[in-house]
Amino acid sequence: MQPALDVLVREVGLRDGLQSLPTPLPTSAKLAWIRAEAAAGVREIEVTSFVPAKLLPQFADAEQVVEQSLLVPGLQVVALVPNLRGAQRALALGVPKLDYVVSVSRTHNLKNVRREREASLEDFRGIVQARDAAGRRQTTTLAAGLSTALGCSYEGRIAVDEVRRCAAFLAEAGAQEILVADTVGYGDPGQVREVFRAVLAETAGIPVAAHFHDTRGLGLANVLAALECGIRRFDASLGGLGGCPYAPGASGNIVTEDLVFMLDSMGLRTGIDIERLLAVREQAAQHLGAGQMHGALARAGLPLHYQAARSGGRLH
Ligand code: ZN
């Protein structure tokens with residue numbers, strides 16, 4: 001049995017990070033990254049996205065990546081599914097957890113999947129039915145994500161009430177986890193408290209996870225605000241891989257190793273070995289290019305007391 005965790009850190013670099021890169025990462029490099037990060041203690045990895053390969057060639061190898069990832073011991077394999085067709089591809093492979101995403105911003109949803117938000121919300125019911133019809137009700141968890149929940153680069157501020165209504169709809173439709181995403185890094189800690197409290201009030205009994213981008217430097221501050229609300233599941237990307245192709249220099253998701261370092265320093269158990277995680281980052285950087293990687297811990301190194309703890313001393 002795996003030891004208990006206080007906080008689940010979920011790696012999304014292979015999906016959210018890679019989707020903004022123009023050149024596909026070779027399948028073998030993706031798999032090496034997944035295996036090494038799982039070996040470092042990361043329990044959940046979003047390994048790919050079941051979007052049509054003609055839209056995102058980066059994920060043309062989705063089937064292969066999933067099949068090989070399912071063989072990694074102790075790893076919860078997650079795949080993003082943008083629609084029913086994607087969900088059917090994932091269900092056929094027996095993916096144990098699917099992430100379906102709707103934008104709270106109507107404009108972003110239209111631009112992203114060319115559908116009205118309400119139609120996208122309704123589509124989630126179809127995915128629940130497809131999962132159940134495939135006999136996978138007990139074996140495939142359906143998570144539902146709310147992107148642009150803390151702001152949108154087309155619409156600006158998003159009303160908390162809109163986020164709350166979308167969360168309530170998805171919870172009622174059968175979501176087993178609600179993921180609240182600050183897709184463009186607009187959120188601040190005060191807003192995080194307001195939005196997560198509103199979502200938690202609508203989703204009693206369903207885990208709520210947070211997905212932050214560090215675009216404006218508030219990523220870890222937002223994590224702390226969400227922790228204070230009781231959130232215990234966070235997405236992050238190794239080396240903060242990702243960003244926006246239209247905003248040069250903008251960083252992507254919060255940095256996995258910086259997040260683990262913060263939680264670890266606070267005495268919260270993540271199950272992840274920070275030194276091994278830093279080694280995985282080095283390995284991934286060889287394929288991705290050091291210029292793609294962000295993060296403070298890799299730049300500054302571990303504090304002295306961490307090194308002392310590794311040689312038998314105490315962490316605190
Ligand atoms: Zn994201």
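This is a short walk through one protein structure, from the overall fold down to a few residues.

First, a caution. The model is predicted. Keep that in mind throughout.

Let's start with the whole protein. It has 13 helices and eight strands. How far does the C-alpha trace span along its principal axes? About 55 × 40 × 40 Å. Now the radius of gyration. For 316 residues, a compact globule would come near 20 Å. The protein has 18 Å, so the value agrees with a compact globule.

Buried residues account for 53% of the 316 residues. The protein exposes about 13,300 Å². Carbon and sulfur atoms supply 52% of that area.

What about contacts along the chain? Take the contacts between residues at least 6 apart in sequence. Of these, 72% join residues at least 24 apart.

Charges next. There are 32 positive and 33 negative charges in the protein. How far apart are their mean positions? The answer is 2 Å.

The cut-off for buried is under 20%.

Find arginine 15 in helix H1, which covers residues 13–17. Its relative accessibility is 9%, so arginine 15 counts as buried. Which residues does it touch, leaving out those up to four places away in sequence? They are Glu46, Thr48, Ser49, Phe59, Leu80 and His211.

Then move to arginine 131. Look for it in helix H6, residues 117–133. Arginine 131 is buried as well, at a relative accessible area of 3%. Set aside its neighbours within four places in sequence. Its contacts are then Leu91, Arg136, Arg137, Thr140, Leu142 and Gln176. Two of the names there are arginines, Arg136 and Arg137. One more distance for arginine 131. Glutamine 88 is 43 residues away along the chain. Yet the C-alpha atoms of arginine 131 and glutamine 88 are separated by 8.0 Å.

Methods:
Residues numbered from 1 in each chain as written. Predicted model: local features only at pLDDT ≥ 70, side-chain atom pairs only at ≥ 80, totals over all residues. Heavy atoms only, no water. Helix = DSSP H or I, 4+ residues; strand = E, 2+ residues; numbered from the N terminus. Rg over C-alpha atoms; globule rule 2.2 N^0.38 Å. Buried < 20%, exposed > 50% of the residue type's maximum accessible area, 1.4 Å probe, protein only. Contact = heavy atoms within 4.5 Å. Areas by Shrake-Rupley, 256 points an atom, 1.4 Å probe, with all protein chains shown as cover. Lys, Arg positive; Asp, Glu negative; His and termini not counted. Charge placed at Lys NZ, Arg CZ, Asp CG, Glu CD.
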